[in-house]
Amino acid sequence: MADDPQRNFRSAYYEKVGFRGVEEKKSLEILLKDNPLDLEKLSTFSQRFPLPSMYRIHVWKVLLGILPPHSDSHALVGGYRKEQYQDILEALEVMRYISSSTPSTHVYLRMFQLESQVLPRCSETSPPDEENEEFLSISRAMEEIVDDPVDCYWLIKCFVNQFHTKFGDSIPHLPKSLEHYLSQEEPRLLSHLRSSGALPQLPYDLWFRRCFAGCLPESSLQRVWDKVISGSCKILVFVALEILLSYKIMLMGIGRSDGVVKFLCNIPQENTDAIVTKAIDLWHKYCGTPMHAV
């Protein structure tokens with residue numbers, strides 16, 4: 001499809017006067033009328049634009065395979081997902097792994113373990129530990145984004161599974177990638193992090209394994225997860241990069257590595273929307289903007 005000059009002018013005008021997303025919302029609504037849904041176009045849209053909040057959960061469910069591309073099957077499949085959720089929940093209650101007082105995130109963990117065939121023996125069951133913190137952090141964040149517990153469980157499960165399946169081999173290389181881009185953007189800060197001994201101790205697990213769950217408030221986090229769910233783990237590098245750039249002066253003034261790590265694990269929450277916006281701009285700058293007719 002050739003570019004429409006009138007549409008491009010209109011989009012630029014909307015963005016200039018503060019109505020960024022008007023055209024994009026219309027484009028997404030058109031995509032969501034396709035039957036079957038075009039997963040490639042939905043992924044590309046999610047990579048290029050923030051998902052409107054009213055459609056976000058639905059698009060996530062489609063991209064994660066919780067709902068099929070054929071829209072006329074959504075009600076039926078949604079019913080099956082709910083039945084499966086109830087069956088797993090009841091099985092865990094009967095086996096006394098969970099009770100009415102079990103925190104919901106721990107319930108989701110036991111459900112996930114049962115489905116993954118890694119549920120510990122009941123006699124060996126102890127409260128979830130550090131080993132499970134990645135799953136629990138993502139669960140706590142997802143609970144703040146999604147109201148329905150059935151949707152919440154399926155989104156957690158499929159997000160975690162997709163993340164490890166798609167990006168498991170890439171995750172160990174993300175710290176080096178961050179180092180590379182930081183050398184391009186702010187070599188003095190990189191030098192300071194190296195000399196202070198902070199570089200190898202940066203909160204890489206929080207950033208790259210928990211996908212910023214527990215670091216960013218959910219209003220900002222969901223815009224990052226739009227990109228992860230639609231196929232990019234590289235966005236995580238640029239969010240980490242922008243956090244470092246945004247707090248450069250503060251970090252340059254901290255001489256001890258433990259002080260740097262403590263600050264980065266508890267960044268101020270009021271500026272995170274701007275950080276994510278700038279991170280997405282950096283991601284597009286270095287990795288390009290996915291192009292597809294929408």
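This is a predicted model: local features need pLDDT of at least 70, side-chain atom pairs count only at pLDDT 80 or more; totals for chains, interfaces and linings use all residues.
User: Which residues of helix α4 are buried?

Analyst: Buried means under 20% relative accessible area, exposed means over 50%, and partly exposed lies in between (1.4 Å probe, protein chains only). In α4, residues 53-63, the buried residues are Tyr55, Arg56, Val59, Trp60, Lys61, Val62 and Leu63.

User: Arg56 carries a charge; with which residue does its side chain meet in a salt bridge?

Analyst: Side chains of opposite charge can pair when their charged atoms come close. The criterion for a salt bridge is a side-chain nitrogen of Lys or Arg within 4 Å of a carboxyl oxygen of Asp or Glu. Arg56 meets Asp226 in such a bridge, at 2.9 Å from N to O. This pair links distant parts of the chain, from Arg56 in α4 to Asp226 in helix α12 (residues 218-229), 170 residues apart. Both partners, Arg56 and Asp226, are buried.

User: How many salt bridges does a search of the whole structure find?

Analyst: The search finds 11 salt bridges. Among them is the bridge between Lys285 and Glu185, at 2.8 Å from N to O. Lys285 belongs to helix α16 (residues 272-287) and Glu185 to helix α9 (residues 174-185), so this pair ties together parts 100 residues apart in sequence. Lys285 counts as exposed at 55% relative accessibility, and Glu185 as partly exposed at 24%.

User: Why does Glu133 count as buried, and which residues is it in contact with beyond four places in sequence?

Analyst: Glu133, in helix α7 (residues 133-145), counts as buried because its relative accessibility is 16%. Contact means heavy atoms within 4.5 Å. Leaving aside neighbours within four places in sequence, Glu133 is in contact with Arg140 and Arg210. With Arg140, Glu133 also forms a salt bridge of 2.2 Å, N to O. Arg140 itself is partly exposed, at 39% relative accessibility.

User: What does Ser177 touch, not counting residues up to four places away in sequence?

Analyst: Ser177 lies in helix α9 and is buried, with a relative accessible area of 16%. On that count, Ser177 touches Lys234 and Val237.

User: Is Leu251 buried or exposed, and which residues does it touch?

Analyst: Leu251, in helix α14 (residues 248-252), is buried, at 0% relative accessibility. Not counting residues up to four places away in sequence, Leu251 touches Leu189, His192, Leu244, Val260, Phe263 and Leu264.

User: Which residues form a negative surface patch?

Analyst: Patches are made of residues with over 30% relative accessible area and no salt bridge, like charges being joined within 9 Å and nonpolar side chains (Val, Leu, Ile, Met, Phe, Trp, Tyr) within 5 Å. Glu83, Asp87, Glu90 and Glu93 form the negative patch, and Glu83 is placed in helix α5 (residues 74-94).

Methods. Residues are numbered from 1 along each chain as its sequence is written. Side-chain values use heavy atoms; hydrogens and water are left out. Accessible areas come from the Shrake-Rupley method with a 1.4 Å probe; for residues, only the protein chains shown count as cover. Lys and Arg count as positive and Asp and Glu as negative; His and the chain ends are not counted. The place of a charge is taken as NZ of Lys, CZ of Arg, CG of Asp or CD of Glu. Helices (H or I, at least four residues) and strands (E, at least two) are DSSP runs, numbered from the N terminus.
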